[in-house]
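Here's a quick tour of how this chain packs together. Have the viewer open and follow along.

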Amino acid sequence: MANFDVLAWEFPRITLLDIRLLKVLNGHPGLSIAELAELVRIDYRTCQERVAILATGRKRRHGKASYGFIAAADNYADKRKKSLSLTDSGEQFISRV
């Protein structure tokens, strides 16, 4: 099987948009959701939903719908924003793509 076939089997809910988001975060750690949405050229709500699924799942419910690929830390420059970065498992996933 090709590399993408293996990834599709292991992570059936990952979309191409998710891979784009992870690749941009890999190159630019510390972005906010708004900055990430602007770089990938998607609307804020879509980016927010996909980041939630890639991080902890919707409404922070851990389970099948969450992957733990993104960590959100407090942004010290602006308390209203979160700084996004890849976790170790997110970096391992991106290295396989």
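Where does serine 32 lie?

## Serine 32

It's in a loop: serine 32 sits between H2 and H3. Keep in mind that you're looking at a predicted model.

Is this serine buried or exposed? The cut-off for buried is under 20% relative accessible area, and serine 32 comes in at 3%, so it counts as buried. Setting aside neighbours within four places in sequence, serine 32 is in contact with Lys81, Lys82 and Leu84.

## The nonpolar core

The largest nonpolar core has 24 residues. Those touching the most other members are Ile14, Leu22, Leu36, Leu54, Phe69, Ile70 and Phe93. As a general point, nonpolar side chains in soluble globular proteins tend to be buried together.

Not counting residues up to four places away in sequence, phenylalanine 69 touches Phe11, Ile14, Leu22, Leu54, Ala55, Ser85, Leu86, Thr87, Ser89, Gly90 and Phe93.

Helix H5 spans residues 88-96, and Gly90, Phe93 and Ile94 are buried in it. Look down the axis of H5 and its buried residues fall within an arc of 95°, so they line one face of the helix.

What covers the buried residues of H5? The cover includes helix H1 (3-10), helix H2 (16-27) and strand E2 (82-86). On the face of H5 turned away from its buried side, you'll find the exposed residues Asp88, Gln92 and Ser95.

Definitions and conventions
Residues are numbered from 1 along each chain as its sequence is written. This is a predicted model: local features need pLDDT of at least 70, side-chain atom pairs count only at pLDDT 80 or more; totals for chains, interfaces and linings use all residues. Side-chain values use heavy atoms; hydrogens and water are left out. Buried means under 20% relative accessible area, exposed over 50%, partly exposed in between (1.4 Å probe, protein chains only). Helices (H or I, at least four residues) and strands (E, at least two) are DSSP runs, numbered from the N terminus. The arc is that of the directions from the helix axis to the C-beta atoms. Contact means heavy atoms within 4.5 Å. A nonpolar core is a set of buried Ala, Val, Leu, Ile, Met, Phe, Trp, Tyr and Cys residues joined through side-chain atoms within 4.5 Å.
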